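The following explanation is meant to be read alongside the sequence and the coordinates. Please keep both in view while following the paragraphs.

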Amino acid sequence: MDFLPTLWFILIAVLWIGYLFLEGFDLGVGMLMKTFARDEKERRVLLNTVGPVWDGNEVWLLTAAGATFAAFPFWYASLFSALYIPLVFVLLGLIFRAVAFEYRGKVHSNRWRKTWDWAIALGSFVAAFGIGAMLALTTTGLPLNANGDRVGGPFAWFTWYAVLGGLAVVGFALIHAAAFVALKTDGDIRHRARRLVGRWMPVGLLPLALWAITVAVQHGKWFSWILLAVAVGAAVAAWRANRADREGFSFLGMGVFLLAGAAAIFSAVYPVVLPSTLDPLWNLTVENASSSSYTLGLMSIVAAVGVPLVLAYQGWTYWVFRKRITVAHLPEPLDFGPAVAPEKALASEGTKA
Amino acid sequence: MEALEIARWQFGIVTVYHFLMVPLTIGLGTLVAILQTRWLKTGKEEYLRMTKFWGKLFLINFIMGVATGIVQEFQFGMAWSEYSRFVGDVFGAPLAMEALLAFFVESTFLGLWIFGWKKLPAKVHLACLWIAVVGSIVSAYFILVANSWMQHPVGVEMIEGRPQMVDAWAVFTNNTAMVAFFHTITGALAVAGGFLLGISWYQLWRRRKDGIDTVDAQGRVVVGESAAIAGRDKKDHAVWIKSLRIGAVVAMIAFAGSAVSGDLSGKLMFEQQPMKMAAAEAACHDGTSFSVLSLGDVGSRDCSDVVAVMEVPGLLSFLAHNDFTTEIKGVNTLVPEYQEKYGKYLPDDPMYGDRAGQEINYVPIMPVTYWGFRMMIGFGGLAAMAAGIALLVTRKGTVPRSKPLMRLALVGMLAPFGANAAGWIFTEMGRQPFVVAPNPSMSGVDQVFMFTASAVSPGVSAGEVIFSLVTLTTVYAVLLVVEVVLLTKYIRGGVVSAMPELDTTRPDGGSGPGGEDEDDVLAFAY
């Protein structure tokens, strides 16, 4: 067992778990914009629970991808090129969602806000589904040749595992977001979010559990099963905490579920990082896909400094914005016209029409 | 067209687009941080207004840079998998560090700044902005380390056919990167300076047109105020004249800095990529003269029909070596040298696919390099000159009432953007046919290079790349329109657009969102 490649495999798993834990709830909040919020005020409450933090959460994705590039260039190259089309959709989803967060409140019109609401909801859904599909496929395999290139055309990646992975992240994100909203808001919306967690948790978490079970069955390591048992236990604990109105524990339980579930999956496939479904000889593993030990050593030092720092200041951000948000906390949206003499403003509007 | 050609177009389009937002983010972020610092130090309200107004425009633009930046990181693996495999050991590290050490800082602390008004102590709130701005500058450093390694590969050894990092210090202090960093930051500040200048000019013009400000017999401004127009008080004038003059000074200093760094960059490039500089000059034959105008078929790429119409003797040697006599090698001399060193035909290797065995054209597309180089310098210089004139014209406190001049000031904001884009197009296209350029002078590591022809993803079809090119370009075009519409709305709204509480004509008497006394109401919310 090579120490540095293994360390980096663990670190990349940690980055993905960090991403799913943090962006998981803001992707979910994005999807809830169209399915859960009842009116404009509630949509704004939802948005503002993640307002200050969603962009920082998204950097976990960039770091996971960048770290994969640096530590396992062959894994990065094969996975990203094989999933070309789905990743284009992920990118479009992330682009629309990001722009929508910032632009939605910048114009005072219902049509404008409605358009961006769709961008947030659909963008979040597509991004969550695509990332889930990608992560599932890197554990179950892609049709790769000896060079690590996809064979069989643009849609050769499509299997039921991709759908399962997509549903896993979408389902997790929705329940995780509901638990987050219950923790971060007050009033009617808080209670409804709690009811949503109680009713839908088994359905929402099922795909992720199925994915973990599939991988564990295929690779059969005893500790994967133990981790899986921990994950299920955490989900049950989260559900019970939710029923007992203890939102903090419920949210925490969701985090443990994710951590143990993802750890079960990653540990089961180790040391393979991306199997080839055509020939096991062409599997990408932590050894044959990794960078030199010099690069990994350098990156280890950087990560040892950088990751704790990120955790510290992101943690502080959550502390700063720890207050629950209610509809009463929101400032009225204010519109404004051009700062020009009124009659001239009318005249210029007239010529435009 | 093959996947290779389409992927190159895609890289060019999404990168130039991304780099419309990036320099404004870096430059304007720096200026907003300085303005907020001035506000805390002096307590003068105009600085608060400037912070809020320019900060609002900064954020409208920032998010587009964020959104389009994700594409940048993903596309190496998606469209350029062979490149990623080849360079991953050395190229991936700065990318990962950029995310871990810069993007996290930038996004987290900017979130704190946006939502932290009144929530954080004033000094902590300001510190958050500064940290975010430093994050964006550090991100520029890391990505330029990565790019400069493609221009000047250092700190590696070829092991099993791939460059492996053996000297991180060499990679992260690459002289090409140092100069490029300086050049990029000054270029970004020039963009921001022009942005302040153009918009403030419009606002001052608007105040004159609406009869708020007038000028006396000596041409000095008489500042007035209008109760009928929201936010048009006397301080409003101070906001715009200060912004204008700060913008003009920043633009001029930044241009001077980018001229110095550009000169240093050019001198390195003559040594590291002589072909790029020869192509920048459309210099076919060896010589010492800088071309002012070359005509003929500059694009023939075999140099048979290029006529230098006007030249400055000795200037080219000065640009390269600081003297007037050293001969600079022209394209005709360089091509045989490159052919001898790096081969006449693409190797018969499966990684080249159908392109294996094709003759290699070592001359970049000369109209692009020649005019790209001149547009970069020309747009930059024009903007700096305009900034100097603007300082002179506005020394009595306002702008002339001329509408064409106001329009010119607004259109002029585009010049520094154009200079930045032209510079990148020049340096990236001038590196062709290489994606990782060999350095003949041995200052890099000898024999570390990669042809662009072998960099593209072998498993990705042309159809897939066409799909992404079309969708991304369409989405980018739509979003550019949206961004410009929003910027225009906020620019026309003036300071009130960022500080609605200034509007005294409101029914709530301008007490602001929810009133000042309600602590629970967020100072800012989406």
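**A walk through the predicted model**

A:Val45 is buried because 26 other C-beta atoms lie within 10 Å. Here a residue is buried if 20 or more other C-beta atoms lie within 10 Å of its own, exposed if 12 or fewer, and partly exposed in between, with C-beta atoms placed from the backbone. This is a predicted model, in which local features need pLDDT of at least 70 and side-chain atom pairs count only at pLDDT 80 or more, whereas totals for chains, interfaces and linings use all residues. Residues are numbered from 1 along each chain as its sequence is written, and chains are lettered from A and ligands numbered from 1 in the order in which they are written.

A:Val45 belongs to helix α2 (residues 40–50) of chain A; helices (H or I, at least four residues) and strands (E, at least two) are DSSP runs, numbered from the N terminus. Leaving aside neighbours within four places in sequence, A:Val45 is in contact with A:Thr185, A:Ile189, A:Ile325, A:Thr326, A:Val327 and A:Leu330. Contact requires that the C-beta atoms of two residues, placed from the backbone, lie within 7 Å. Between the C-alpha atoms of A:Val45 and A:Pro280, 235 residues apart along the chain, the separation is 50 Å. Elsewhere in chain A, the peptide bond from A:Tyr270 to A:Pro271 is cis, with omega near 5°. A:Pro271 itself is found in the loop between α10 (247–269) and β1 (272–274) of chain A.

The two chains meet through 77 residues of chain B and 72 residues of chain A. On the side of chain B that touches chain A, α2 (45–79), α3 (81–115), β2 and α14 (462–493) of chain B each supply at least two residues. The largest share, 22 residues, comes from α3(B). By class, this side of chain B divides into 43 nonpolar, 22 polar and twelve charged residues. For these classes, Ala, Val, Leu, Ile, Met, Phe, Trp, Tyr, Cys and Pro count as nonpolar, Asp, Glu, Lys and Arg as charged, and the others, Gly among them, as polar.

B:Phe74 lies in helix α2 of chain B. Not counting residues up to four places away in sequence, B:Phe74 touches A:Ala65, A:Phe80, A:Leu87 and A:Leu91. B:Phe74 counts as buried because it has 22 C-beta neighbours inside 10 Å. The C-alpha atoms of B:Phe74 and B:Ala462 are separated by 18 Å, although these residues are 388 apart along the chain.

At 1.5 Å a residue, the 40 residues of helix α1 (residues 3–42) of chain B should span 58 Å, and the end C-alpha atoms are 58 Å apart, so the two values agree. The expected span is 1.5 Å times one less than the number of residues. After α1(B) comes B:Gly43, with a positive phi near 70°.

Two packed helices are described by the angle between their axes and the distance between the axes. Helix α7 (residues 234–272) and helix α11 (residues 366–393) of chain B have axes that come within 9 Å and cross at roughly 145°. The axes are lines fitted to C-alpha atoms, for helices over the stretch in contact, and angles run from 0 to 180 degrees between N-to-C directions. Residues making the contact include B:Ala248 and B:Phe255 of α7(B), and B:Gly380 and B:Ala384 of α11(B). The contact of α7(B) with α11(B) has ten nonpolar, three polar and one charged residues.

Strand β1 (residues 156–159) of chain B pairs with β2(B) in the antiparallel sense over four bridges, where pairing requires that DSSP find at least two bridges. B:Val156 stands opposite B:Met165, and B:Met158 stands opposite B:Pro163. B:Glu160 counts as exposed because it has 5 C-beta neighbours inside 10 Å.

Most residues other than glycine have a negative phi, and most peptide bonds are trans. B:Lys118, which is not a glycine, has a positive phi of about 70°. This residue, B:Lys118, lies in the loop between α3 and α4 (122–151) of chain B. A cis peptide bond, with omega about 10°, joins B:Gln432 and B:Pro433.
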